[in-house]
Every structure is written in C-alpha cells, then in structure tokens.
Amino acid sequence: MAARNEHTLNGEGMVYDISKEFKEHSIAEFFKKNKQMLGFSGKVRSLTTVVHEFVTNSLDACEEAGILPEITVQLEQLPSGHMKLTVEDNGPGIPKKLVGKALGQMLAGTKFHRFMQQRGQQGIGASGVVLYSQITTGKPVYFKTGLGDGKAYEGEIKIDFQNNRPILMNEREYDENYRGLKVQAVFGDVKYDKSEYSPFEYIKRTALANPHAQIIFIDPTGERILFPRASDLVPEEPIEVQPHPLGIGTHDLLEYAHASQERKLSSFFVNTFSRFSYGKVEETKAELVKHMLEKNTGMLNSDAEKAVQDLFEASPKELTWEQAEMLIYVFKRLKWISPETEALRPIGPSQIEKAMRNIFNPEYVVVTERKPKIFRGGIPFMVEAAIAYGGNAGTQKADGGVSGTIYRFANRVPLLFDAGGCALTTAVKGLDWRRYDVHDFENEPISVFINFISVHVPYTGAGKQAISEEEEIIEEVRLAVMEAARGIQRYLHGKIRERTREAKKKAILRYVKQLSQDLPQLAGKGEPEQLERKLMQLVENKYSQLTLEEAEEEVEKNGNGEEVRDETTDAEEE
Amino acid sequence: MAEKKPAITKLEELGLKMIQQVERNESPTFETVLRSKGNVIYDEAIGCLRLGESKEQRTFVNVAQAKKFMQTIAVANKCKKFLEEDAHTSIRGLFYQLKFSLGEEFDEELFSEQEESNPLIEDLEVALKLKREDLNLNTDRKGVVAGNLVLLDKFGGEKTEIDCAKQGRSGWMIPSDVDNGMDFVSIDADWVLVVEKDALWQRLNEDKFWKKENCILITPKGQASRGCRRLIRKLANMKLPIIVFTDNDAWGWYIYWAIKTGSMNLAYLANDIATPEAKFIGMTMQDLNDYDFLNKLTIKAKDVDIKRAEEMLSYEWINRHKEWVRELKTVIQTKKKIEQDALQGPRLSFVGEYLREKMQKKKFLP
C-alpha cells in the first residue's frame, strides 16, 4: 500500500486523483501495518506506550475540567501470557455518543478543538491502544464511563480496520453515580520489567511533572505504589492557539485534516493554522510542485501543478499519510511569521520543587525559571530545569550504588526512550559537572529534571521521545541546568563547610575543660565552672554566628601579617 | 613565704588578663614574640643577636590554635606550682607532669611528646620576659669554675658559701640557674679566661694559672650551657674582661660566637646571655706564623669546618671584623686547623706561656 501511495505522490506514471487513491485504504489499516509509528516497537516500550496513552488522556481531561486527577493504573499478567491493563480516572468522563469516536476510530479528531499545549498531542490516542490490543490479542477493550450525572455506561469496543469505524459491543447503561473513565485492555507482545523504560518509571516521572495528580500503580506482582499528590493546584487551562505549520508532525496534520469540516484543503489550512494566509497557500503549492519535480526528474511541470491543484481542492478528510508527510516537509522550507508566545504553560518553580521533594525526598532542590526563547528563527519555547540532590535522587544501581539520572519531559510528558539523540540529554551530558562539585555524575544521588515547553515540540521521530538537537535548544537547556547546578554547588559546598564548622567547634570544645581548670589557678582568681560555661558559649557563638563563607575563609593573621590557613580545612581532605 | 616571686606575679597577670578577656566575651589570647629565624636580628647597638618585632598571637577560639593555647596555659600553671612549692625540675620533668589524658571520652593527651612542650616553655620565657630558670626549670649543668670567686647559694632554704678557689682539682660545677638564690659574695680577679676544653682547664688548673694570673678560669666543656653563659655575662657585668680560648676550627669558633653574640636559638635571651665584650685569644691562623712548631701540628680542616668558615664570613656581626675575615679566609685557603691541645707539643706547661704572652701583647681577635 505504501508503495502505491508513493507512486502517486512521486507522480510516476499517469496522474490521477490522489484523494480517490486514499479512500481505498483505511487509516486504521495503515497504522495496523505501521504500528511502530505509534510507538509499538519492542515489548517493553509497547507496554509503556499503552500506559502513556491512557494516563495522558486522563490528565488532559482532568486539567480541562479543572479536576485534581486521581488515576489508578494496574497491570496483571494473565495465564495466557497476555498482559491486562486497567486504567481508571476521576475525570469528566466521555459522553456516550463520543465514546466510539474517542476509543474506536483512528484520527477521529477528538482533540480537534484543542490546538493547545497538551500532553495528548504526543500520542496517537486511546484508539491506537484499542488497535494494538486488537491486533495482538483479537480482543475488544472494556470501558466504563460516567459524567457524574447518576448514569454509568459500559461496554466493549473494537475497531473495524477496513472502514476505520468503532464497533461497540455488550453496551449497558445503568444507574450509578459514576464519574470518570475506566478502561481495561489485554495485550500480547508486551513485557513488564522494572527498567528505566518501564511503565513504573513512566508513571514515576509523570508524577514528577504533574504534582497535582495522585497516581496509584499496581504492578504485575501486586505491589501497590502510591505517588501522592504534592500540590492542590490544578494547572491553568492551556490557552487555545491555532497550531503553527512549523510545529506539527505528520500525524497531527492528518488528525486535524480528518477532523476538519472544511471543504477544501486550502481553506482547511487557512482556517486551522496560525499564520497561514491564502498567500502562504500559494507559496505552499509552488514549493510542493518544486519538491515533486525535485524528487522525480521525469515529471512534467504541468502534471505536478495539476496534482497539487487537485490536492488543495480536495477535502482535507482525504489527505493521506504520505501527502501529509510531504506537506510537513514543504512547510519547513517556507518562511513563516513566528507563533504567539503567550501559549506557553510552564509547571512553575514552586510546583516543580514540591514534586521533586515529593518524589525524591532529597536533601536539596534547586529549580530554575527562565524566560521563553525561540528556535528555528521564531518558535517560542521555554525550559524549566531542576536538580535534586541526595535522598532518593538518582537511580539505584544493581551494585547498590546510585547513578545520576536525567528526567526529560516535553510539556510535562516523560520522554523515556531515545535518550541518546535528544537535545536535553546532550545538554546535560555536555556539562563539566565537576565544576559544580558533582565529582562523578554517573555515581551521585542526583536527579536532573528538564521540562521542554512549547506548543510545537521538535521531536526527532514519529516515536516522539527525543527532542531535536537544535543549537538554540541545547544552549538554553544547558544554561538552565547550569543555573540549577550552581545552586547545587553552593549547597554541596555549604555541606562541606557545615561539616568543617562542626568539626572545628568540636575540636575546640574538647580543650575547654582543661583550660577552665588551669586558667583560674594561673590567675589566682576566677571560678572553673563559670569559666567553662563562658568559654563554651564563646566557641558556640563564634561558629554559629559565622556565615558559611567566613567559616570557610577562617584565616588568622599572626604577628608577621602572614596568613596562616586553618589546619582543619586542609585536614578535611585527608 | 615572704615576698611573692616576680615570676609568680607575671604568671598571674598573664592569667588574669585572659580571664578578663573571657569576661568581655573575647577569645583569650596569648601574645609572644615570634622566635623563628626570620625574626632574629643582629643588634649593633647592643652587639648581640636578639628577636625582632614580629609578634605571634595564639587565641583559644580558633581551631588551629586552641590546643596550643590550652597547652601553653597548662605549662604556665604548672610552672607557677613549681615556683610556689619552691621545687625545680627539668623540661623533661615538666613534660611528664603534663602527660595525661584529656578525659575518657577523648583519645588525646594534654602532651604526648616532649617536642610539644619544649617550644611552649620558650614561648612563655619570651612572653613574660623571663628565663626558664626563673620558672624553676633546670637545664643540664655543664661547665666548671676555679678562681677567686665566692658565691652564696640559697638552695633548698639553706645558705651555702661556695669558694671557687677551694675546689681542688675538680672546680665548682656551674648550676643551671646562677640568678635565683645565687649571689656573688666576693670577686678577687682581674679577668676571666674561658677555655673550651676541660683537658686544657685541668692543665691550667694544675699549673695554678688562675692563681698566678689572678683570673677566673672557666671551661664550658664544649658549647656553653645557659648557666655558664649567664655566669660569664654576670662576670662581665662586674667589669672583668672576658677572654675566650678555643680550638681554631668550626666548633671552637661557634663556641666563641655563641658566648659573644648569643645564638639563633637563644636569641630571645639576647643580652641576658650574650657577652659582646668577650675577646678571642686563640687559637688563630696567625699563631702558625708566630709559633713555628705549630706548623707541624696542624690537622686537615674537614668539610664541615670549611663550610662553617664560609658561613661565618656571611654573618654581618662577624664579617664586620677584618681580622676575622682574614682568619677565616686563611682557613678556607689552607684547609688547616689547630687544636688547643697542640700547645702541649713542646712541653705541657707551654699553654700557660702562650696565653701569658698573648695577654701581654694583647694579641686578641675581636
């Protein structure tokens, strides 16, 4: 199928109706054959992907409804070898008539009205999960939902691949004051482990970036892990903005297009996207023609123009994956006015700090807040960074040690995979940590948190797990992490000093008694007990009044005016 | 006890000042003059080595100085006790009195090595402008005297008159402290001869040299002890010329210069212990010209002698004397040295003849 589409787009052979070609293939069918595009590659990753889809949907729904989320995620290993996943939330629920679309139709555009910075943009939606369950086990997905209006609605759902239509079964509506959504799906070809790619890690990180959520995770062994809510503050509802042509991926474009009520692709662009004028439509068309001719030197200019003209006249609902891919490519070659910046929604320093304390119970946390910056000449983004040190920060290693860990997020969504090629990882690894008194990043209880915020996250691939290594992004992440690292350095330094200070105090105090006995005898006046109390007070005062800096710099001058360094400062290093 | 010893008063003042500091919420502080080599200067006006102006402060509420401070006070307090009890001990005895644990909870002693307590004694000497002998701390006795000198020793509450003219073959051994409880009763001598070696002293004693020449005959038996130097200083105070007679080699010169200008180590005692008026009678390289037989009795100067000679040439208090520059350069050139004992070569009593002749001709080096 892919080959035939390519054939059409490349303009090889005769030119024919592109939209007609698409109709012959269901989008569901397409994804079924290209499931790695949805993040279903590898047994561990596939399981994390399905958890991700349901959890982000729950968080988004709660946020929009102003509800503090309570989400329970349970995994059960079935005797058949399959894995059963149950996710239940306390969100607003899905109205009965939308259940089919939300769960049983690919690119159904349930997010069509949410052109905003949302977690769900990162996924393929709940329907992708239904699809995955169906192709690995053949089984439908159970759901139960309610709007809190006294009625509950449950049933099972499958997808008709041929027609990309939901198939609802065993539906039942009954009286129960239920609000929220519960889904239960069974999967084959998945595996649970406790690695850094596991659903457990995913949920831990989700809790980290969503301090307002309470999440309970029950793993296949039955162990129940609670990530308690750290803040009662529901995040501000994101501002709706039209998507910017530079900020979307193929999948987004398809979803928007298929959900659109516009008659033509050209008007769909103008009315859906920000900064997309009719002038830009013409530029896009011209660039698309150029691109088609570049890709196929044997193609006639007039044929290419005809194909593009037809495409733009056709309904957006008929846009294919390949066409969307080409359009996205062409968008990047055009000059656009920058998108608005006010849509950026950071988590906020105090929320991040609460979350870091909640999850890592660290000795010390530093959070940095920075102003929005732009990349690719105009796309606004913002970086939030935080570092936690000590406590449960870092990752427990098999040998009992702890290793420094980078927690990457894009708009609060954890990025677990493809760390190697990610701008966030590159920036953190590029730092000379020793300059910040972190002597060996790989062996320190340190957690580096980075949230990349943008309405348009420049992912490196369809898996949406790594952020493109653009110079401006790496630099900004670097600066944000450095800022936090400086805070950690001050802390670590202070810690060393505090220890030094205590040691100094103790070192002096042990001589107080002897001196208090000798001095009054020597003077022939004075009282030992009284002198002892006085001297102890003097020592206490000195080492509590001293600021950390002063204690560190405690340098005494002798008669020569030569500086004599305090011996214990050096002795510390022995 | 009748009057309070001045040393006790000084120690009490030191302690009182510190207690007052504590009452003012200040860290008690001990101040003394720095005794390092960098702070030793040659004072032309008084003709000896003394300490410069650099001060050293030791304060209790400072981690680097707390222990030393406490130890200093412990030493001071212990010395006060000795003074009160009228008991004397050596610096080693003091160390053992203060070698005890600071408490069960600490694995630490007040002092664990004598090297720790020794410098603190010197600190106190400098800070209080006292000698250790004033603190009832003895040093080893060394040095012997014979001559018309009568002293009164009020040791142990008893008064003993000592006549150095009636000490037979052995002479009177110079004690560690010649100041406290020790007075000159009478001196009937014209000058003082300090002879480096005990063997030569015995020679001259046997020859009744001190009787014939009416001098006081002293041997420090090598390097002069504190007590011996102090006695020489006190005799010089009585306007007796001090004449020093040593080998012509590194060791001998050093003995002379320590008596005359004091030493680096004891620079803090300065003119209490130095005798800038002292003159050097021999042996000298010039003697080789004046006494031909000595040419056969020289020995080869060792490397240490040559090095010492070169070093002495660099000292401003030595190289300001052209006679010494000439002497030292000759030693370096000829690589020869002469011992006092060589004067017994022709006949045993020649030593006395040699000294008599040089005294008459005033053949001295400054």
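Student: How many residues does the contact take from chain B and from chain A?
Tutor: In this predicted model, chain B contributes 39 residues to the contact and chain A contributes 32 residues.

Student: What area do chain B and chain A bury between them?
Tutor: The two chains bury about 3,000 Å² between them, and 68% of that area lies on carbon and sulfur atoms. The accessible area lost when the parts come together is often used to give the size of an interface.

Student: Which three residues supply more than any other three of the area that chain B buries against chain A?
Tutor: They are B:Phe60, B:Val61 and B:Val63, which supply 21% of the area that chain B buries against chain A.

Student: Turning to charges, how many salt bridges does the rule find across the interface of chain B and chain A?
Tutor: The rule finds one salt bridge across that interface. The side chains of A:Arg510 and B:Glu108 meet in a salt bridge, with an N to O distance of 2.6 Å.

Student: And how many residue pairs are in polar contact between chain B and chain A?
Tutor: The count is 10 residue pairs, with both residues at pLDDT 80 or more.

Student: Now chain A itself. What does its secondary structure come to?
Tutor: Chain A has 19 helices and 18 strands. It comprises 574 residues, of which 56% count as buried. The accessible surface of chain A comes to about 24,500 Å², with 47% belonging to carbon and sulfur atoms.

Student: What share of contacts in chain A between residues at least 6 apart in sequence join residues at least 24 apart?
Tutor: That share is 72%.

Student: Is A:Thr272 buried or exposed, and why?
Tutor: A:Thr272 counts as buried because its relative accessibility is 9%, and the cut-off for buried is under 20%.

Student: Which backbone oxygen does the side chain of A:Thr272 reach?
Tutor: The side chain of A:Thr272 reaches the backbone oxygen of A:Phe268, at 2.6 Å.

Note on methods. Residues numbered from 1 in each chain as written. Chains lettered and ligands numbered in written order. Predicted model: local features only at pLDDT ≥ 70, side-chain atom pairs only at ≥ 80, totals over all residues. Heavy atoms only, no water. Buried < 20%, exposed > 50% of the residue type's maximum accessible area, 1.4 Å probe, protein only. Polar contact = N/O pair within 3.5 Å; in protein donor to acceptor, adjacent residues only side chain to side chain. Contact = heavy atoms within 4.5 Å. Buried area = accessible area lost by both parts, 1.4 Å probe. Salt bridge = Lys/Arg side-chain N within 4 Å of Asp/Glu carboxyl O. Helix = DSSP H or I, 4+ residues; strand = E, 2+ residues; numbered from the N terminus. Areas by Shrake-Rupley, 256 points an atom, 1.4 Å probe, with all protein chains shown as cover.
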